[in-house]
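Dear colleague,

Please find below the structure that I am handing over to you. My notes on what was found in it follow directly after.

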Amino acid sequence: LRPDGVAAFNLVGPDADPAASLARLAEVFGASQVWHFPPVAPGHTIALAGRRLAWPDAERRRHKAEAIERRFGALGLLTGAWPELLRSWDGGGSGG
């Protein structure tokens, strides 16, 4: 991963333990560098991690979600909810 890169993780499986997986990511990247969405189904959580992440304010999160929607709208990603759902593992950032 480049120093300014972001990795996306799909934590999925019938025996998935998202909290344990997020904790391991936090050990590697640092707690403030791990962000996640609530599970979309049992055993299915999306996480993001990087080395130089700065928590974006609500306007920036909305702007990014709108850009993704414009580019990938046909995929039905429901990006309108993302800005409110994204959470920081360390609790330093939250939706809203």
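Which residue in S3 does Asn 10 stand opposite? Asn 10 stands opposite Ile 46. Before the rest of the findings, a word on the source is needed. This is a predicted model, in which local features need pLDDT of at least 70 and side-chain atom pairs count only at pLDDT 80 or more, while totals for chains, interfaces and linings use all residues. Residues are numbered from 1 along each chain as its sequence is written, and side-chain values use heavy atoms, with hydrogens and water left out.

The sheet

Helices (H or I, at least four residues) and strands (E, at least two) are DSSP runs, numbered from the N terminus. Two strands are said to pair if DSSP finds at least two bridges between them. In this model, 4 strands form an open sheet with antiparallel pairing, in the order S1-S3-S2-S4. S1 and strand S4 (87-88) each have a single partner strand and stand at the edges, so one side of each is left without a neighbour in the sheet.

The pairings can be followed across the sheet. Strand S1 (residues 6-12) is joined to S3 by 7 bridges, and the two run antiparallel. S3 also pairs with strand S2 (residues 34-36) in the antiparallel sense, over 3 bridges; here His 36 has Ala 47 in S3 as its bridge partner. S2 in turn pairs with S4 over 2 bridges, again in the antiparallel sense, and Trp 35 has Ser 88 in S4 as its bridge partner.

Buried means under 20% relative accessible area, exposed over 50%, and partly exposed in between (1.4 Å probe, protein chains only). Thr 45 is found in strand S3 and counts as buried because its relative accessibility is 2%. Contact means heavy atoms within 4.5 Å. Leaving aside neighbours within four places in sequence, Thr 45 is in contact with Phe 9, Asn 10, Leu 11, Pro 18, Phe 37 and Pro 39. Arg 87, by contrast, has its place in strand S4 and counts as partly exposed because its relative accessibility is 32%. The C-alpha atoms of Arg 87 and Pro 42 are separated by 18 Å, with the two residues 45 residues apart along the chain.

The nonpolar core

A nonpolar core is a set of buried Ala, Val, Leu, Ile, Met, Phe, Trp, Tyr and Cys residues joined through side-chain atoms within 4.5 Å. The largest one here has 8 residues, namely Leu 11, Leu 22, Leu 25, Ala 26, Phe 29, Val 34, Ala 47 and Ala 49. Helix H1 (18-29) and strand S3 (44-50) are the elements that give two or more residues to this core, and H1 gives the most, with 4 residues. In soluble globular proteins, nonpolar side chains tend to be buried together. Not counting residues up to four places away in sequence, Val 34 touches Leu 22, Leu 25, Ala 26, Phe 29, Leu 48, Ala 49, Arg 87, Ser 88 and Trp 89.

Salt bridges

A salt bridge is a side-chain nitrogen of Lys or Arg within 4 Å of a carboxyl oxygen of Asp or Glu. The structure holds 2 salt bridges. One of them joins the side chains of Asp 4 and Arg 2 (3.3 Å, N to O). Asp 4 counts as exposed at 51% relative accessibility, and Arg 2 counts as exposed at 58%. Another salt bridge joins the side chains of Glu 59 and Arg 62 (3.2 Å, N to O). Because Glu 59 and Arg 62 are 3 residues apart in helix H2, they are separated by about one helical turn. Arg 62 counts as partly exposed, at 34% relative accessibility.

The loop between H2 and H3

Leu 77 is found in the loop between helix H2 (58-72) and helix H3 (82-85). Leu 78 lies in the loop between H2 and H3, and has a positive phi of about 55° although it is not a glycine. Leu 78 counts as exposed because its relative accessibility is 67%. Gly 80 also has its place in the loop between H2 and H3, and is exposed, with a relative accessible area of 68%.

Yours sincerely
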